[in-house]
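Dear colleague,

I am passing on the structure we spoke about, and I would be grateful if you could look through it alongside these notes.

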Amino acid sequence: MRVGTYNVRGLKDSVPALVRVITAMRADVLCVQEAPRFLYWRGQRQALAEAAGMRVAAGGRLGGVSVYVGPRARVLHAEHHVLKIFLGLEIRGVAIAVVELEGVRLAVASIHLDLSAAARFHHAVEALRWLERAAARFGAVPVMCGDVNEQSDAPTWRYLAGRLADAYAWAPQGDGMTFTAREPRKRIDGVFTGAGVRVVGCGGVGAARDDLVSATDHLPVVAELAGHAQATVS
């Protein structure tokens, strides 16, 4: 099972390059940040997904986060929540899709956290609470993906890695740097997994460098996960 995360910068860059990168990810579930959220936002998100052989499973306008799924994933549930609004800061949200892959249920959340440290931590706690509720309801493994906007030695990342497993730290592939795409020197995008799956590997994507640089200002992350089929929860 391949679960990925990608900040697409509102489709402000080369959309053909973006489609090629997403296709190269071969993700069964893709968490998208900075998805279109203004005029014709639904159509733009759907067009991007379809061009890469995927479909939109979850995500509202506010917060600019979505979850896409590939043909192998069966969507059981979807929800979207606006997180606490802080005056003067951008509105943030969390999109959650519960999917079944090869008999394994995953509750996958897409997040894009704030540049403000206080808001960032608050939203991480809030988003994880929503994710854990969805995972418990459907007997699914919680997986959180997104643009954390800080590195692994900072409080919010440490909080997420304390509640879930930082997939790259468990099974790193490559140097892990995700920002900027042109000169990647920071790891600020991640995949965090709950108990019930094993991280086979986590890292970047073997797309053409020109496409990676032209598509957006972040590099994508993909985690390959393995797990055991779970009993169905009604």
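Below I set out what was found, beginning with the chain as a whole and ending with a few individual residues.

Please keep in mind throughout that this is a predicted model. The secondary structure of the chain amounts to 6 helices and 13 strands. Its radius of gyration is 16 Å, close to the 17 Å that the globule rule gives for 234 residues, so the chain is as compact as a globular protein of that length. Along the principal axes, the C-alpha atoms occupy a box of roughly 45 × 40 × 35 Å.

Of the 234 residues in the chain, 56% are buried, and the accessible surface comes to about 10100 Å², with 53% of that area belonging to carbon and sulfur atoms. When contacts between residues at least 6 apart in sequence are considered, 70% of them join residues that are at least 24 apart. As for charge, the chain carries 27 positive and 22 negative side chains, and the centres of these two sets lie 4 Å apart.

The salt bridges deserve a separate paragraph, and a search of the whole structure finds 13 of them. One of these is formed by the side chains of Glu90 and Arg37, at 3.3 Å from N to O. This pair links distant parts of the chain, since Glu90 sits in the loop between strand 5 (74–82) and strand 6 (93–101), while Arg37 sits in the loop between strand 2 (29–33) and helix 2 (41–51), 53 residues apart. Both partners count as partly exposed, Glu90 with a relative accessible area of 37% and Arg37 with 27%. The side chain of Glu90 also meets that of Arg92 in a salt bridge of 3.9 Å, N to O, and Arg92 is buried, at 5% relative accessibility.

A further salt bridge joins Glu132 to Arg163, where the closest N and O atoms are 2.8 Å apart. Glu132 belongs to helix 3 (residues 117–138) and Arg163 to helix 4 (residues 155–163), so this pair ties together parts that are 31 residues apart in sequence. Here, too, the two residues are partly exposed, with relative accessibilities of 31% for Glu132 and 43% for Arg163.

Finally, what surrounds Ala107, once its neighbours within four places in sequence are left aside? This residue is found in strand 7 (residues 104–112) and counts as buried, at 0% relative accessibility. Beyond those sequence neighbours, Ala107 is in contact with Ala97, Val98, Leu131, Ala135, Ala140, Val141, Pro142 and Val143. As a distance to check in your viewer, the C-alpha atoms of Ala107 and Ala136, which are 29 residues apart along the chain, are separated by 9.0 Å.

Terms used. Residues are numbered from 1 along each chain as its sequence is written. This is a predicted model: local features need pLDDT of at least 70, side-chain atom pairs count only at pLDDT 80 or more; totals for chains, interfaces and linings use all residues. Side-chain values use heavy atoms; hydrogens and water are left out. Helices (H or I, at least four residues) and strands (E, at least two) are DSSP runs, numbered from the N terminus. The radius of gyration is taken over C-alpha atoms; the globule rule is 2.2 Å times the number of residues to the power 0.38. Buried means under 20% relative accessible area, exposed over 50%, partly exposed in between (1.4 Å probe, protein chains only). Contact means heavy atoms within 4.5 Å. Accessible areas come from the Shrake-Rupley method with a 1.4 Å probe; for residues, only the protein chains shown count as cover. Lys and Arg count as positive and Asp and Glu as negative; His and the chain ends are not counted. The place of a charge is taken as NZ of Lys, CZ of Arg, CG of Asp or CD of Glu. A salt bridge is a side-chain nitrogen of Lys or Arg within 4 Å of a carboxyl oxygen of Asp or Glu.
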